[in-house]
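Please open the structure in your viewer and keep the selection panel handy.

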Amino acid sequence: MTTTPATAAATAPAALVDAVRAVWADVLETDVAAVPADAPFLSLGGDSVLTVRMAALIRKRLGIALALSDVRVEHTAAHLAALIHERSAGTGPLRPLPLELNQREDPQAPFPLLPLQQGYFVGQQGGWELSYRSAHHYVDIGLLDIDPDEIGEALQDALERLAEHQSVLRARVLPDGRQKILPLDDPEAMPRLRVTDLTEADGSVVASRLDAIRREMSAEGPDPTRGCGLDMRLTLLPGGKARLHSSTSLLIIDGWSSGVFYRDLFALAADYNAVLAPLEIDFGDYAAALEGLPDTEQWRADRAWWWGRLDDFPLPPALPLTADPAEVRPTLMGTRQTVLDAGRWAAVREQCARHGVTPSAAMFAAFSAALARACGHRRFLLNTLQLNRLPLHPDVPRLVGAFSSTVLIPVELPESPVFADLAARAQRDVSDALAHNLVTGVEVSRELGRRRDTRRPVAPVVFQSTLGVDAALGSEVPRSAGPLGTIDLRSHHQQLRTPQVALEVRLFELRDELVVVFSLVEEIFAAQDVDRMFNDVMATVESLVDADGWSARVVLPHALDVPEEDAEGRPAGRRLSVPPPSAQAADEPGAPRDDTEREIARRWAALLGRAVDDRAADFFGLGGDSLLAVRMLATLVRDGVAQVTPRRFLERPTVAGLAAAARAAAGERP
């Protein structure tokens, strides 16, 4: 039985309660006196992002390793102290992971990709729906009052020192779906800054060149399978101005890491003598430690929790489409973006605290309601991107890397709720899912696709919130950085390209303002539908500034599940959902018939750890997944057996089908 906040104070020693309060005070950047033992973390300004830093500090100071599911925002300091006390006595309900995070013996040895990295890696292969050649995020920001003589050298020096400090900036992804760190003396290891000097150019030339750089860096992102995962450029402009362009591969840097990266980069650029606090571990050590995760009782329990619910998961929201996602070949994602000013955003956050929900939960509720109105039903599956850093070591929050994971959230909205209840429901649903975060959304999606017999994305609508990251890091990006002058974050342009995603909403803060962004595949949506949905989200967010918005009834569709007709009673057309697999000719079953089929069957058996004696056996039905498929196809190419593209393989993923594709690629007669 879980200890309740009401009994926690009686079961935890006062000294331990005070120690937890001191940790909270540091995380929340306040005095211990402002942290009552009986106040929930959420009510004091905490959120799920800050729990990562809190768990790491508890491990460092108290020697207790907590799982993220143990440090929920609803807990009081007394409650958490009681849980820690029970854990130290060996009687409590906590479930710390029995994983040791230490430095690897060989820091240059390959180590595995984490599940979301695997998803991005697979998405870059061109065979899956809504694929791109690179998964990356591009942004450029304004710099004012720069030192034109020093800025280039200062930035290059800072990049090199940061790449030495954060080894993942020297990472490369191997064809077999693993990654490695290049040594410092490798000539390809260090990121290189490229500088364009437009200080003497007129306005039209400046605009044209900036547009060309943005288009190039947005469409051709860095790819650590071929080179450095970071592309950074500097454009010097007239009047002591500049723009800093940065394109980062999602395979090596996530949203939290972006904050760490820029904070440390600007600190190093501002001062040639600056020294960052040393790191005892790197991202490779973390990823290697997680190899043991599936062997733990906690991971198996989380998998059982998810697997027991999958058959009841709904389809994605049935948003109206103008084209089938399988038929488009996008190169960029479209963008809708707006800002809620600092004053109104502060008012929304205050209302969130009064109603006992995190800002992220409130935004999730607003997005879910807008989706329901756009698709005409109240039950659907959403994908969320979470900053999932397991607190295995105090240095984990300070590392740059691709730690993030996805979590699938089944949404079922009541027919006519008040918004406060909708937000509370969102917080409960997300918190319950995050309490089982050891099995990621990528792994859950693979199993869901296997059960539905589909290779299409099962959750292509994504919610991402990095609200609170600056507080979790303990600082925000500085406002000035020596030769870089003043950093004008409000003057920014960005572009996201995420494979297997049709629509993604992103929420983050810049200089105390809320930024809301839609990134979407323009080719499959009508512009007016996207504009209407985006405006709907923002109208709800604006209404949350005042208390009346929280007590207002939320108008939602009558239909719970996907309607067969549209609002005008006409048969529904194309909609974003997962249809049955396309009909294809079945291979005749039986033993492999020739050398090519026998070789493929032998390789599949070795890869999947089971006998493959039927030429009609489906690779995914045998337990294969997309990463294993890419690895298998790469091995066939390497060994000279066949050169078959992922897209061709997915058309007929059987022993016989792959053999036929191999013969066709080689120009052989069947």
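Select Asp453 to begin: Asp453 sits in the loop that links helix 14 (441–452) to strand 11. Helices (H or I, at least four residues) and strands (E, at least two) are DSSP runs here, numbered from the N terminus. The phi angle of Asp453 is near 55 degrees, a positive value in a residue other than glycine. Asp453 counts as partly exposed because its relative accessibility is 41%; buried means under 20% relative accessible area, exposed over 50%, and partly exposed in between (1.4 Å probe, protein chains only). The model is a predicted one, in which local features need pLDDT of at least 70 and side-chain atom pairs count only at pLDDT 80 or more, while totals for chains, interfaces and linings use all residues. Residues are numbered from 1 along each chain as its sequence is written, and side-chain values use heavy atoms, with hydrogens and water left out.

Next, select Gln500, in the loop between strand 12 (486–497) and strand 13 (503–510). Gln500 is not a glycine, yet has a positive phi of about 60 degrees. With 22% relative accessibility, Gln500 counts as partly exposed.

Now go to helix 17 (residues 547–551) and pick out Asp548. Is Asp548 buried or exposed? Its relative accessible area is 61%, so Asp548 is exposed.

For another pair, select Arg652, in the loop between helix 20 (646–651) and helix 21 (655–666). Arg652 has a relative accessible area of 32% and is partly exposed. From Arg652 to Pro191 the C-alpha to C-alpha distance is 41 Å, and the two are 461 residues apart in sequence.

Time to look inside. Rolling a probe the size of a water molecule over the atoms shows where empty space is left. On a 1 Å grid over the protein atoms alone, a cavity is a set of points where a 1.4 Å probe fits but cannot get out, and lining residues have an atom within 4 Å of a point. To find the second largest cavity, select Ser48, Val49, Gln386, Val430 and Leu434, the closest to its centre of the 30 residues that line it.

Then colour the elements around this cavity. Helix 3 (48–62), helix 12 (359–375), strand 9 (379–386), strand 10 (405–412), helix 13 (419–434) and strand 11 (461–465) each give at least two residues to the lining. Which helix supplies the largest share of the lining? Helix 13 does, with five residues. The lining has 15 nonpolar, 13 polar and two charged residues, where Ala, Val, Leu, Ile, Met, Phe, Trp, Tyr, Cys and Pro count as nonpolar, Asp, Glu, Lys and Arg as charged, and the others, Gly among them, as polar.

Finally, zoom out to the protein chain, with its 21 helices and 14 strands. Its C-alpha atoms fill a box of roughly 80 × 65 × 60 Å along the principal axes. Of the 670 residues, 57% are buried.

How values were computed:
1 Å grid on protein atoms, 1.4 Å probe; cavity = no way out; pocket = protein on both sides within 12 Å on 5 of 7 lines; lining within 4 Å.
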